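Hello,

Here is the structure I promised to pass on to you. Please have a look at it first, and then read my notes below.

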Amino acid sequence: MKTQVLSVEQMRHLQELGVDTSSPKMAWYAIYETLPEWYNELNIRDDVFDKNYPSVPIFTLQDMMEIIPSSIESDNTLYHFELLKLGSSTYSMGYKGIVDETVDENGDEINRIKYHILLWNKNLLTCAYEMLCWVAENGYLKGSNNEERD
């Protein structure tokens, strides 16, 4: 299960970037306090249970995908989020936009595509984490310390 959620350190980094981390469905709980790494049990969050033990909310892939914007605008171009599986074990996430539309001699429309950002990783969770960091660092998240760009 540890490979399906972010680490405490990754969650702290997202908090430093201003990402709202209050809504994850899972959390690391301190059942036995063995300092300094006392987060030793992963459970589904339960608000009643949360009050009994110290905990750190933790994102799953689903949590991050719900936060990552479906589109962003930069330099008067609208970029749409794209997730691809490249080969058997590499994933790519990015924002793709049409930056130029022309018509060729046959009347066929030709679109020049540009990626605003393109990340890839063999681990889908890590790829999503890196994308969430990027959108937060560049001010594309609503409600973050860096308000979404106009």
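Aspartate 75 has a relative accessibility of 62%, so it counts as exposed (over 50% relative accessible area is exposed, under 20% is buried and in between is partly exposed, with a 1.4 Å probe and protein chains only). You will find aspartate 75 in the loop between strand 4 (71-74) and strand 5 (77-86); helices (H or I, at least four residues) and strands (E, at least two) are DSSP runs, numbered from the N terminus. Its phi is positive, about 50°, although aspartate 75 is not a glycine. Most residues other than glycine have a negative phi. Asparagine 76 sits in the loop between strand 4 and strand 5 too, and this non-glycine residue has a positive phi of about 60°. With 76% relative accessibility, asparagine 76 counts as exposed.

Before you go further, please keep in mind that this is a predicted model, in which local features need pLDDT of at least 70 and side-chain atom pairs count only at pLDDT 80 or more, while totals for chains, interfaces and linings use all residues. Residues are numbered from 1 along each chain as its sequence is written, and side-chain values use heavy atoms, with hydrogens and water left out.

Now to the overall picture. The chain has 4 helices and 7 strands, and from the N terminus on the order of elements is α-β-β-α-β-α-β-β-β-β-α. It has 150 residues, of which 37% count as buried. Among the contacts with a separation of 6 or more, 48% come from residues 24 or more positions apart; contact means heavy atoms within 4.5 Å.

Next, the helix pair. Two packed helices are described by the angle between their axes and the distance between the axes. Helix 1 (residues 8-16) packs with helix 4 (residues 124-137) at an angle of about 15°, and their axes are 10 Å apart. The axes are lines fitted to C-alpha atoms, for helices over the stretch in contact, and angles run from 0 to 180 degrees between N-to-C directions. Helix 1 and helix 4 are therefore roughly parallel to each other (under 35 degrees is roughly parallel, over 145 roughly antiparallel, 65 to 115 roughly perpendicular and the rest oblique). The crossing of the two is left-handed, meaning that the near helix is turned anticlockwise from the far one by less than a right angle, whereas clockwise would be right-handed.

Which residues of helix 1 and helix 4 meet? On the helix 1 side they are Gln10, His13 and Leu14, and on the helix 4 side Tyr129, Leu132, Cys133 and Glu137. By class, this contact has 4 nonpolar, 2 polar and 1 charged residues (Ala, Val, Leu, Ile, Met, Phe, Trp, Tyr, Cys and Pro are nonpolar, Asp, Glu, Lys and Arg charged, and the others, Gly among them, polar). Histidine 13, found in helix 1, is partly exposed, with a relative accessible area of 28%. Leaving aside neighbours within four places in sequence, histidine 13 is in contact with Tyr129, Cys133 and Glu137. Its C-alpha lies 8.4 Å from that of cysteine 133, although histidine 13 and cysteine 133 are 120 residues apart in sequence.

On to the aromatic rings. Rings of Phe, Tyr and Trp (its six-membered ring) pair if their centres lie within 6.5 Å, with planes under 30 degrees apart stacked, over 60 edge-to-face and the rest tilted. By this rule there are 3 aromatic pairs. The ring centres of tryptophan 134 and tyrosine 140 are 5.5 Å apart and their planes are at 20°, so this pair is stacked. Both tryptophan 134 and tyrosine 140 are buried. Ring pairs link Phe81, Tyr95, Trp134 and Tyr140 into a cluster.

Finally, two single residues. Threonine 60 lies in the loop between strand 3 (55-58) and helix 3 (61-67) and, at 15% relative accessibility, counts as buried. Beyond its neighbours within four places in sequence, threonine 60 is in contact with Gln4, Val5, Met26 and Leu125. Tyrosine 91 is in strand 6 (residues 90-103); tyrosine 91 and cysteine 127 are 36 residues apart in sequence and 7.1 Å apart in space, C-alpha to C-alpha.

Best wishes
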